[in-house]
Each structure stands twice: as structure tokens, then as C-alpha cells.
Amino acid sequence: MSLRSPLGRALGHGAAKEGVAHWWHQRLTAMALAPLGLWFLLSLLQLPDLGHATVAGWIARPFNAVLLVSFVATLAWHSQLGVQVVVEDYVRGKGARLAALVLVRFAHVLAAVAGIFAVLAVALGGRA
Amino acid sequence: MALHERPLSPHLQVYRPMYTTVLSISHRFAGLALAVGFLLLAWWLMAVAGGEADYAATAAWLGSVPGRFALAAWLLAFWYHLFAGLRHLAWDAGLGFEKRSARRSGMLVVVLALAAAAITLALAWRQFGGGA
């Protein structure tokens with residue numbers, strides 16, 4: 001039972017204004033990453049080798065591509081949430097903290113886009 | 001963000017490291033290592049998309065001695081972060097808060113993480129010849 005008044009919630013009152021979403025999304029992505037991460041690791045271990053042809057062939061299969069995109073996106077999100085907390089804990093000074101948070105966010109978004117693009121390129125683009 | 005930076009209360013200078021606190025910071029440490037691993041994963045995927053030539057360069061680094069060390073370290077970080085994370089999820093569900101339970105589950109996490117890491121490393125060694 002929340003002790004917040006509806007007006008308080010609407011106005012975003014409270015010291016941090018928001019934070020539960022971060023906490024919940026961290027748990028949600030964690031729950032998704034347990035099976036996805038295991039799937040990724042065990043799938044790689046079952047490949048006969050890690051040469052380009054084998055890996056590209058594995059990625060290109062629709063089932064794997066779907067799970068890979070899901071894995072990359074979820075991993076990016078979970079990692080972003082986690083690293084953000086570390087920055088907030090240890091980086092002192094308004095300017096430095098802001099810069100660090102922005103950098104962390106950009107790096108994660110870029111890596112996520114790159115990873116997803118790469119999977120789609122291999123699975124759809126006929127390049128290998 | 002606070003307008004005035006208030007001083008942190010001292011903890012590292014005051015409290016002796018304990019089993020549970022070491023496990024906790026290890027979880028964070030493993031998470032940071034895995035965050036770097038995520039960036040490398042994106043890089044590796046891009047290398048696959050780039051074709052044989054691009055892939056060869058990345059694969060060469062990964063297959064080198066420092067590369068294999070890094071992969072082994074990531075494997076350990078993955079398993080530790082996974083089991084320690086499950087322990088966190090149990091706490092979120094309200095389970096295992098007693099001191100005794102916390103210490104026991106902590107030991108279980110370490111044992112499972114080391115065992116899983118050893119097994120998967122051995123599998124990778126066997127499968128890919130001397131490390132993934």
C-alpha cells in the first residue's frame with residue numbers, strides 16, 4: 001500500500017522523484033538475462049569451431065537471430081542500469097558525474113545498435 | 001544531484017572487510033567486467049557482419065594468450081554474477097535475510113560459480129582446443 005498521495009505521485013514528489021522503475025527494470029532484465037545468457041554460452045560451446053563461416057551460419061538461423069537480438073538489447077539495458085548506479089556512487093562532482101552518465105548511456109546505446117545491426121546484417125543481408 | 005556535495009560517512013576506513021561485504025563488492029566488480037564484455041560482444045558481432053577479413057583480426061586477438069585470459073575471466077565473472085544475482089533476486093522476494101542464511105547462500109554462490117566456471121572452461125578447452 002503506497003503512502004503517497006495521488007497528487008504527490010503526479011507531481012513526482014520525493015527526494016529522487018523516481019527510482020522504482022530503475023530497480024524493477026534491473027530485476028526484469030536480470031530475469032531475462034539468466035536464460036538468455038545461458039543459452040548464448042551453451043550455444044557457443046556446442047559449435048564445432050568458432051570460425052567465421054560456422055559463427056555466421058549459426059547467427060543467420062532465425063531462431064538464433066531473434067534470441068541474439070533479445071540478448072543484446074536486454075544485456076545493454078541491464079548493463080546500463082548497473083553501470084549508472086556505479087557512476088552515481090563513485091563519481092563525485094556535478095560536472096564529472098553528468099559527463100560520466102552521458103558517456104555511459106551513449107556507449108551502451110551505440111553498442112546495442114551495433115550488436116543488433118550486426119545480427120540483422122548477418123541474418124538478413126546475405127553477407128557473411 | 002545535490003547542490004552541495006555532502007561528505008560521505010567513512011566506511012572503508014572503519015569497517016573490517018567481511019565475507020558478505022566481499023561477496024557484495026565482487027558482484028559489482030563482476031558486473032563492471034561484464035559491462036566491458038558486452039562492449040566486446042558488440043564488437044565481435046560487428047566483426048562477423050564485416051566478413052572474413054574483419055573477423056580474422058578480431059578472432060586472432062581473442063585466440064591470443066591475453067585474449068584467452070580475458071575470455072576465461074569473463075566466464076568466471078559471468079557465472080559469479082549470475083549466481084550472486086539469483087541470490088539478490090531471492091532477497092528481493094524476501095527470502096534468506098537471516099545472517100546464517102546469508103552466509104550460507106553466499107558460500108553456495110561461490111562454490112557454484114567456481115564449479116560452473118571450471119566445467120565450462122574445460123568444455124571450451126576440449127571443444128576449441130586450448131581455450132575458446
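This is a short tour of a predicted model, going from chain B to its interface with chain A and then to one residue of chain A.

Residues are numbered from 1 along each chain as its sequence is written, and chains are lettered from A in the order in which they are written. Local features need pLDDT of at least 70, side-chain atom pairs count only at pLDDT 80 or more, and totals for chains, interfaces and linings use all residues; side-chain values use heavy atoms, with hydrogens and water left out.

**Select chain B.** Chain B has four helices and zero strands, where helices (H or I, at least four residues) and strands (E, at least two) are DSSP runs numbered from the N terminus. Read from the N terminus, the order is α-α-α-α. The radius of gyration of chain B, taken over C-alpha atoms, is 19 Å, well over the 14 Å that the globule rule (2.2 Å times the number of residues to the power 0.38) gives for 132 residues, so chain B is more spread out than a compact globule. Along the principal axes, its C-alpha atoms fill a box of roughly 55 × 45 × 30 Å. Of the 132 residues, 32% count as buried, meaning under 20% relative accessible area with a 1.4 Å probe, protein chains only.

**Show chains A and B together.** Contact (heavy atoms within 4.5 Å) involves 48 residues from chain A and 36 residues from chain B. The two chains bury about 3,400 Å² between them, 73% of it on carbon and sulfur atoms; this is the accessible area (1.4 Å probe) lost on being put together, summed over both.

**Zoom to B:R28 and A:D89.** These two residues form a salt bridge, with the closest N and O atoms 2.7 Å apart. The rule, a side-chain nitrogen of Lys or Arg within 4 Å of a carboxyl oxygen of Asp or Glu, finds two salt bridges across the interface of chain A and chain B.

**Colour the side of chain A that touches chain B.** The elements giving two or more residues to this side are α2 (20-45), α3 (52-60), α4 (62-90) and α5 (94-124) of chain A. Of these, α5(A) gives the most, with 13 residues.

**Finish at A:Q26.** This residue lies in helix α2 of chain A. At 14% relative accessibility, A:Q26 counts as buried. Leaving aside residues up to four places away in sequence, A:Q26 touches A:H78, A:L81 and A:G82.

Notes: Buried < 20%, exposed > 50% of the residue type's maximum accessible area, 1.4 Å probe, protein only.
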